[in-house]
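Student: I am new to this structure. Please pick one part and take me through it closely, after a quick look at the whole.

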Amino acid sequence: MTGALLGLTAGLGLLLIYSAFTSDAPKIGPKEDGRRRRLLNEAGLPSVSSAQLWLLQLAAAALIAVLVLLATSSVAIAALFGAFGFVAPLWWVRRLHGRRQRDLREVWPEAIDHLISAVRAGMSIPEALGALSTRGPEALREPFAQFDADYRTSGRFTDCLDDLKDRLADPIGDRVCETMRVTREVGGNELGTVLRTLGRFVREESRIRGEIESRKQAAVNGARLAAAAPWLVLLLLGTQSTTLAAYDTPLGFIVLLCGAAVCVVAYRLMLRLGRLPEEARVLR
């Protein structure tokens with residue numbers, strides 16, 4: 001009976017993983033413009049839907065729970081590690097989000113410098129934006145190449161610029177796009193000055209953030225190790241029969257839950273105290 005249950009759970013987990021990566025992502029509409037949808041866009045995963053992320057979380061939870069159950073034969077420990085597996089894909093997406101924001105913050109000054117050079121050379125605003133697909137930083141070339149292709153096809157600058165903002169999903173990109181939109185609609189000779197000022201602010205902010213993050217990284221890694229170490233020890237001790245007998249009781253499961261709650265609260269508090277303020281996309 002236990003073998004059949006394990007086989008069914010493992011098969012369900014593999015099916016969920018397969019469906020999460022093979023099913024087509026639904027079109028992004030107003031109903032799906034929620035927090036998770038924005039997080040996926042800003043993490044550079046626009047093709048992954050919120051439903052697929054839920055499926056991936058369920059599949060990871062089922063798979064890890066089955067593996068731990070096979071290794072320890074403890075339902076309590078397997079259930080707890082299954083909960084950790086459920087959170088793991090979301091944690092991975094948040095890591096991608098933070099890394100992408102840092103990478104874009106570093107390359108935007110160079111992209112703004114290219115825009116300034118293009119404007120000085122007499123290019124129109126759509127041409128200057130399209131030129132970033134070949135002359136701009138590697139991380140930004142694909143969105144601007146799609147903008148250039150869309151504009152050459154339709155000629156609708158406003159709609160193409162809105163699509164570009166959705167692809168960039170970045171607060172600095174929002175400011176650049178809105179600057180270009182206002183300049184094209186109302187005219188003006190101060191575009192170069194505005195872009196130079198924006199580039200200087202972005203470069204200075206990136207430098208300061210880099211210094212602060214490099215100093216706090218060691219403390220953050222130490223806190224992560226301190227939060228993960230007890231559970232790695234528990235996984236190793238879970239192979240012993242005395243440990244299994246202790247934690248498979250109701251009181252033992254309560255102890256595990258309390259320990260997990262303390263670790264989660266302490267870890268979240270550490271992240272909140274050391275978190276730098278992130279710029280919101282007010283021009284989204």
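Tutor: The mean pLDDT of the protein chain is 79, with 82% of its residues at 70 or more. Over residues 23–32, pLDDT stays under 50. Where pLDDT is low, the predicted coordinates should not be read in detail.

Now the fold. The protein chain has 11 helices and 0 strands. Of its 284 residues, 39% count as buried. Take contacts between residues at least 6 apart in sequence: 67% of them join residues at least 24 apart.

Turn to helix H8, residues 171–186. Start with its length. H8 has 16 residues, so at 1.5 Å a residue it should span 22 Å. Its end C-alpha atoms are 23 Å apart, which agrees.

Next, its N-terminal end. Asp170 caps it. A side-chain oxygen of Asp170 lies 3.2 Å from the backbone nitrogen of Ile172. Ile172 itself is buried.

Other residues of H8 are buried too, including Pro171, Gly173, Asp174, Val176 and Cys177. Further along, the buried residues include Glu178, Thr179, Met180, Arg181 and Thr183.

What covers these buried residues? The cover includes helix H4 (75–120) and helix H5 (125–135). Helix H7 (157–168) and helix H9 (191–237) are also part of it.

Terms used. Residues numbered from 1 in each chain as written. Predicted model: local features only at pLDDT ≥ 70, side-chain atom pairs only at ≥ 80, totals over all residues. Heavy atoms only, no water. pLDDT = per-residue confidence, 0-100. Contact = heavy atoms within 4.5 Å. Helix = DSSP H or I, 4+ residues; strand = E, 2+ residues; numbered from the N terminus. Buried < 20%, exposed > 50% of the residue type's maximum accessible area, 1.4 Å probe, protein only. Expected span 1.5 Å × (residues − 1). Polar contact = N/O pair within 3.5 Å; in protein donor to acceptor, adjacent residues only side chain to side chain.
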